[in-house]
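Dear colleague,

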Amino acid sequence: MNRRELLKHLLQASGGLIAASVLGGCQSKSIDPLFLLSLINPETPLPDHLITPLEEFYVQSYALPSTVKADQWQLKIKGAVETPLTLMLQDVLQAPQEDFHLTMECIGNPAGGNLIGNALWTGTPLLPFLRQAGVRSDVQEFALKGADWYETTLPVDDVMRADVRLVHRMNKEPLTAAHGYPMRLIVPGHYGQKQPKWIVEIEAITKPKTGFWENQGWSNTAEIPTHALMRQVQETRVWNRQNQVNVSRDGDAGWQKGVLLAGVALDRSSSIQAIEVSTDNGASWSQANQNRPNSPHEWTLWRYLWKPQQPGKYTLLARAKSDRQQQPLEDANGKDGSSGILKIQVTLQT
Ligand SMILES: Nc1nc2c(c(=O)[nH]1)N[C@H]1C(S)=C(S)[C@@H](COP(=O)(O)O)O[C@H]1N2
Ligand SMILES: [Mo]
């Protein structure tokens, strides 16, 4: 049994957990979102884009990143197609290339969590290759597989969209091994789990099937709900593990001069219409300033200058409203991804 077969065997036996721990553990990385601080100066307009630097971009892989060599990489389009295809790297690189901004988030990201990042991706549409292969009319889904035999599935109409791309660059650099070198698929509107890294196989299937995370109870549609995240209170970066903030009264960053709140918001398909902030635990809401990205798949940036009148303890919330929905206060179902709101506890000192 080679390593690949061994891993496969272990995975089938354990549902993934043993294989990951035997062979080096789940590759998970999340870092403080340092990047927000620099941009949020209330005097300057919000930028059009806020890119997460590669070294701060979260990594979520259930097994070791596989070492796929670019010159040996192949992508097989197979199953219920007229003409199965095998693509080499050249085939993808010679096709027309597109740059696009897209925010990637893990479905397991808790309210206000850190498993989210925005990048400029480069790749080519998958659709012409699917047309070339000739997808049969009885095909219901595609099974998308990585070289680590990660698998996820999506309905045929979701994958045969013009904005589904084979992607090989992230922030203008070749994908790193951790992010899927040499090639991943990006299907906008869905959580990270539907974005297979190290993609090597696209199989057209005539019966619905569920993939790796989906078999463990995570949503099979994995569509991103309308949600906002507060990421900054004055000079403090806030997130779900750092949600208590003290602000002094005097000085440049004292609350008497106002307290800057800032963050991001995202939805699967609709523009963010408004981000509202509450500084009294949801009793009243005020609208924040925001930018308006061209694509709904890139996070919206927002900020709000809070002018508190007196010292004390405050509970801060941020919620988003898109053309589709108003974000609820509580999570509907954690396995569908978090739509809930993180509460930030702020003490304004006397
Ligand atoms: N082949 C493969 N693709 C994968 C995964 C994986 O473990 N293997 N993890 C998925 C999950 S759960 C997420 S959230 C995203 C994360 O992408 P990133 O690590 O580039 O941020 O990749 C997805 N694609
Ligand atoms: Mo994920």
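Strands, in what follows, are DSSP runs of E with at least two residues, numbered from the N terminus. On that numbering, Ser270 falls in the loop that joins β16 (259–266) to β17 (272–278). Please note that this is a predicted model.

Ser270 has a relative accessibility of 10%, and because buried means under 20%, Ser270 counts as buried. Beyond its neighbours within four places in sequence, Ser270 is in contact with Pro296, Ser322, Asp323 and Arg324.

Overall fold

The chain contains six helices and 22 strands. It has 350 residues, of which 54% count as buried. Among contacts with a separation of 6 or more, 72% are between residues 24 or more positions apart.

Nonpolar cores

The largest nonpolar core comprises 32 residues, and Leu166, Ile199 and Ile202 have the most contacts inside it. Two or more residues of this core come from each of the strands β3 (74–79), β4 (85–88), β7 (141–146) and β12 (199–205), and likewise from each of the helices α4 (89–94), α5 (127–133) and α6 (156–159).

Which residues does Leu166 touch, not counting those up to four places away in sequence? They are Leu75, Leu87, Val92, Thr122, Gly123, Thr124, Leu126, Phe129, Met183, Arg184, Leu185 and Ile199.

Cavities

How many cavities of 30 Å³ or more does a search of the whole structure find? There are two.

The largest cavity has a volume of about 110 Å³. Its lining consists of 18 residues, and Gly112, Ala228, Leu229, Gly340 and Leu342 are the closest to its centre. Two elements, β13 (227–233) and β21 (312–322), each give two or more residues to this lining; the largest share, four residues, comes from β13. By class, the lining of the largest cavity has ten nonpolar, seven polar and one charged residues. Domain 2 (61–216) and domain 3 (227–348) each supply at least three residues to the lining of the largest cavity.

The second largest cavity has a volume of about 50 Å³. Its lining is formed by Leu102, Thr103, Val187, Pro188, Gly189, His190, Gln195, Ile224, Asp267, Arg268 and His297. Four of these lining residues are nonpolar, five are polar and two are charged.

Strand β2 (residues 59–61) gives the most to the lining of the second largest pocket, with three residues. The lining of this pocket is made up of twelve nonpolar, seven polar and three charged residues.

With kind regards

Key:
Residues are numbered from 1 along each chain as its sequence is written. Chains are lettered from A and ligands numbered from 1 in the order in which they are written. This is a predicted model: local features need pLDDT of at least 70, side-chain atom pairs count only at pLDDT 80 or more; totals for chains, interfaces and linings use all residues. Side-chain values use heavy atoms; hydrogens and water are left out. A nonpolar core is a set of buried Ala, Val, Leu, Ile, Met, Phe, Trp, Tyr and Cys residues joined through side-chain atoms within 4.5 Å. Buried means under 20% relative accessible area, exposed over 50%, partly exposed in between (1.4 Å probe, protein chains only). Contact means heavy atoms within 4.5 Å. On a 1 Å grid over the protein atoms alone, a cavity is a set of points where a 1.4 Å probe fits but cannot get out, and a pocket is an open set with protein on both sides within 12 Å along at least five of seven lines; lining residues have an atom within 4 Å of a point. Grid points are joined across faces, edges and corners, and a volume is the space filled by probe spheres set on the points. Ala, Val, Leu, Ile, Met, Phe, Trp, Tyr, Cys and Pro count as nonpolar, Asp, Glu, Lys and Arg as charged, and the others, Gly among them, as polar. Domain bounds come from an automatic or database domain assignment.
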